[in-house]
Amino acid sequence: VLTPAELGEFLIAASIYAALSVIVGQGVYEYVLKEHDSQTAPVTAFVFNMASATIAAAAAFGISFLLPHILHSDKSATLLRYLAPVFYLEAMALLMECVILRQGGIARTAIATIVAETAGLLAGLASLFAGWGILALVIQRATRGAAYVAVYSVSCSWRPRLGFDPADARAIIRFIPAIISSRGINAGSTALIDLTIGSLLSLGDAGLFRLANRLLTIGSDLLFQPFKALLWVELPPLRRDPAAFAAKLMRLTEMFGAGYFAVVWGMALIAGVALPLLLGPEWQAASSAVIALGLARLISMPMSAAEAVFALNNRSRLIVWSSVIGSIVSVAVIYVAAPYGLLWTSIGFAFVSFMTLAVVLPFMLQAGGIPLSSMLSLIVRLSANALAMTAVVAPWLAFAPNFGVTGWALVASAVGLGAAAYLLAARIFTPASFTAYLRPVVKIVRRAGILGIGSTPVR
């Protein structure tokens, strides 16, 4: 099992990797989806992706020689060098994924995600148990990237090849700067925050903070990545119909938000019990960070569609300015809060999320044609779902140990009770999303011929 300090060393390297990866396929991915009828866009995009992967790998090597002077340790630098080749796998996987999405293969991308994440997890665990230590996390990243490429190669008839269309190249160059700038600023501020925590507090605190953030990312990405793909597949054809665009955006946001609130806040509620069982007692301090950072993510949920909405409505500068302002404030708040400990650092993060939402949300709603009252209503209804779950889970976690329910039995029972409470609340407050999530389950049950609900209609 890794210590918080060891995980901190890796996650600092991973944060720098993430900051550099924004130039690898980002923006190009969205351009290929937007130009869904173009046959030359994917070929030109492949050239861009390979070139950007080379630039990112070279930058990673260069930055690795500076890290020992900042962190007084050379382990993060070594890990960053090992991660550099993964840029090429990511570049190929991103392009093949967006080609599959253009063909309507959302289910295939979901299967690829399950296979690749599982392969990466198994490879990482095997390496960890084999005594490879922190290198297991590098192996996990590389295996996951290779698995994505392998699965997409089987499920996609299109193959990467060298080619270049000058018109597409010029269009890509015009389209991608705002997206790359926005994501680069956000990823860069994340890396800077990790470095700030690592230098002002300790690598252990940086590991605890990044673990909390990473756990929430793993949970939320199960929903956010399909949501992002749906935005870029469903919204572009509706750009000339503002009413249809706004209606589709609200439907997708409600479906995403219902699942997002359940997963993120559910993880926050059980973190205090689950983390010590899963990783050891030294990770208990991360639970308070999970709660604060989970709250920050819930606050930011309405902004999840901002990038697609701004880009599709020719307001890309707003993406950049919102990222600049949010990143500057984030780094400043973290710099002030870090000396007071991990909890205040995480609370500062939640405060920044609220301020960013207050500033940027009105512009996003205007661009998407959505009334403020509709979005506020959605936030209130999603919050009601989360409060219902909290009202059941929090007392159970507090009093169940008095009746001998402890350990993983306590975690499993809390998850089951929380899920039941959330579903009941969702049926009342967000019925459309409740039905959307229930429909696939009912179909499976009907096919299995169990529970006697084969004739129950689901609208």
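I started with Arg 144, which is buried, with a relative accessible area of 18%. For my own reference, buried means under 20% relative accessible area, exposed over 50%, and partly exposed in between (1.4 Å probe, protein chains only). This is a predicted model, so I noted the rules: local features need pLDDT of at least 70, side-chain atom pairs count only at pLDDT 80 or more, and totals for chains, interfaces and linings use all residues. Residues are numbered from 1 along each chain as its sequence is written, and side-chain values use heavy atoms, with hydrogens and water left out.

**Salt bridges**

What does Arg 144 form a salt bridge with? I found Glu 117, with the closest N and O atoms 3.6 Å apart. (A salt bridge here is a side-chain nitrogen of Lys or Arg within 4 Å of a carboxyl oxygen of Asp or Glu.) Glu 117 lies in helix α7 (residues 106-129) and Arg 144 in helix α8 (residues 135-155), so the pair ties together parts 27 residues apart in sequence. Helices are DSSP runs (H or I, at least four residues), as strands are (E, at least two), numbered from the N terminus. Glu 117 is partly exposed, at 32% relative accessible area.

Next I looked up Lys 248, which forms a salt bridge with Glu 234; their closest N and O atoms are 3.8 Å apart. Lys 248 sits in helix α11 (residues 242-279) and Glu 234 in helix α10 (residues 203-234), so this pair links parts 14 residues apart in sequence. I have Glu 234 down as partly exposed, at 28%.

Then came Arg 381 and Glu 254, whose side chains meet in a salt bridge at 3.7 Å, N to O. Arg 381 is in helix α16 (residues 372-399) and Glu 254 is in α11, so the two tie together parts 127 residues apart in sequence. Arg 381 counts as partly exposed at 22% relative accessibility, whereas Glu 254 is buried at 13%. By this rule the count comes to three salt bridges.

**Inside**

Thr 253 is also in helix α11. Is Thr 253 buried or exposed? At 4% relative accessibility, Thr 253 counts as buried. Leaving out residues up to four places away in sequence, Thr 253 touches Phe 227, Met 301, Met 375 and Leu 378. Contact means heavy atoms within 4.5 Å.

I then turned to the largest nonpolar core, which has 126 residues. (Such a core is a set of buried Ala, Val, Leu, Ile, Met, Phe, Trp, Tyr and Cys residues joined through side-chain atoms within 4.5 Å.) The residues touching the most other members include Phe 87, Trp 232 and Phe 261. The largest share of this core, 17 residues, comes from α11.

**Outside**

The largest share of the patch, three residues, comes from α15. Trp 344 is in α15 and counts as exposed at 51%.

**Confidence**

Last, I checked pLDDT, the predictor's confidence in each residue, from 0 to 100. The chain's mean is 80, and 85% of its residues reach 70 or more. Confidence is lowest in helix α18 (residues 431-448), at a mean of 67, and highest in α16, at 95.
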